[in-house]
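User: Please take a close look at the pocket in this model, and then go on to the charged side-chain pairs. I would like the cut-offs behind each term as you use it.

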Amino acid sequence: MRHVDQADRFAGNGQWTTLQQFGTNPGNLVGHVYRPASFAADAALVVVLHGCTQTASGYDTGSGWSQMADRHGFALLFPEQQRANNPNLCFNWFNPDDSRRGSGEALSIREMVAAVAAADPIDPARIFVTGLSAGGAMASIMLATYPEIFAGGAIIAGLPFGCAATIPEAFDRMRGRGLPTHGELAALVRNASGHDGPWPTLSIWQGSGDTTVNPSNAGAIIAQWRSLHGVGAEPDRVEAVDGYPRRIWRNADGRDVIEEFSITGMGHGTPLDTRGADGCGTATAFMLEAHISSTRHICRFWGLIPAGEEADIHHIAASPPAAPKAPNRPGVPTGAERWPSPGGAVGQVIEDALRTAGLIR
């Protein structure tokens, strides 16, 4: 591994290195690894996949993943696209050669994970993957094609696995057109690896005002994984967290296996809470201040934040922030939309929140 000058490229107080050799690398990707100063034996590993037009360092600075790694002692792996593969730096989630097990970009990322796990004392039971947009779609691919590797995933403004095999299909699916049926979606994952469970848990984040990736894709992702986890169509719990609706599906063992956050009025991007000394990330294009940190909440869902730490960030029926509306073009949100006042009963607040987000009528 080669050391990276983090002052020029990356955030965080630990050590960044670039993977030099990690297998055959058929997808021709670059990989960067972050080890926080508090890195210890049996640490978790989070694979973070940037969106189109973004770089690994830019996504880290925006999302605050290295900040959370510094606070809680887990390692990070940032696969990075190259312009030679895609001029817009999108992961090629719509290319069959890059989206199946043992091939292309999916195999390159798998090889990176194996290299990091071989070089560092990573807990093999605590490897996770997350991504935004095209990175979210690639996270779907990794969860489907290598489900035995990942304990959980988080998809932000992404798409379900296997829904497109050409560029025109990709644009249609992003607009919410022609998505496979619920039965077809689950079959796509079952046939992707031959794995028969247990399956990774899933955290899904979507702006209700996203005009780049239609919010129907979030519903399709839920449908794709519900039958795999053996949960029903209706969530087992609905609550408001930091003023936004969160739906939770729980399996037969009583474990939360799927969660969905709908960020009311937000456009295309990763939701952030950058406020105060404990803020996480930096607002910029596609990294949107929403007064809720997806990075922090994802860490909590995966168990990367020890019980009792940062407990004040997760609360039901909180006083809501001004929700960011979708801008004329994807990027930093403009305008504001207020949530209903939480002065009434908690149940009414949750119902109003879900209605505002379009989840109930």
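Analyst: The largest pocket has a volume of about 470 Å³, a volume being the space filled by probe spheres set on grid points that are joined across faces, edges and corners. Its lining is made up of 23 residues, and those nearest the centre are Cys52, Cys90, Phe171, Met174 and Thr212. (A pocket is an open set of points on a 1 Å grid over the protein atoms alone, where a 1.4 Å probe fits, with protein on both sides within 12 Å along at least five of seven lines; a lining residue has an atom within 4 Å of a point.) Helix α6, residues 167-174, supplies the largest share of this lining, with 4 residues; helices are DSSP runs of H or I of at least four residues, and strands are runs of E of at least two. By type, the lining divides into 14 nonpolar, 8 polar and 1 charged, where Asp, Glu, Lys and Arg count as charged, Ala, Val, Leu, Ile, Met, Phe, Trp, Tyr, Cys and Pro as nonpolar, and the others as polar.

The model is a predicted one, in which local features need pLDDT of at least 70 and side-chain atom pairs pLDDT 80 or more, while totals for chains, interfaces and linings use all residues. Residues are numbered from 1 along each chain as its sequence is written, and side-chain values use heavy atoms, with hydrogens and water left out.

Turning to the charged pairs, the count comes to 13 salt bridges, each a side-chain nitrogen of Lys or Arg within 4 Å of a carboxyl oxygen of Asp or Glu. In one of them, Arg247 and Glu260 bring their closest N and O atoms to 2.8 Å. This pair links distant parts of the chain, since Arg247 lies in strand β10 and Glu260 in strand β11 (residues 256-263), 13 residues apart. Both Arg247 and Glu260 are buried, that is, under 20% relative accessible area with a 1.4 Å probe on protein chains only, whereas exposed is over 50% and partly exposed in between.

Arg101 and Glu148 also meet in a salt bridge, at 2.9 Å from N to O. Arg101 sits in the loop between β5 and α4 and Glu148 in the loop between α5 and β7, so the pair ties together parts 47 residues apart in sequence. Arg101 counts as partly exposed at 36%, and Glu148 is partly exposed at 38%.

Arg250 forms a salt bridge with Asp256, with closest N and O atoms 2.9 Å apart. Arg250 is partly exposed at 36%, and Asp256 is partly exposed at 21%. Both belong to a network of salt bridges that links Arg237, Glu239, Arg246, Arg250, Asp256 and Glu259.
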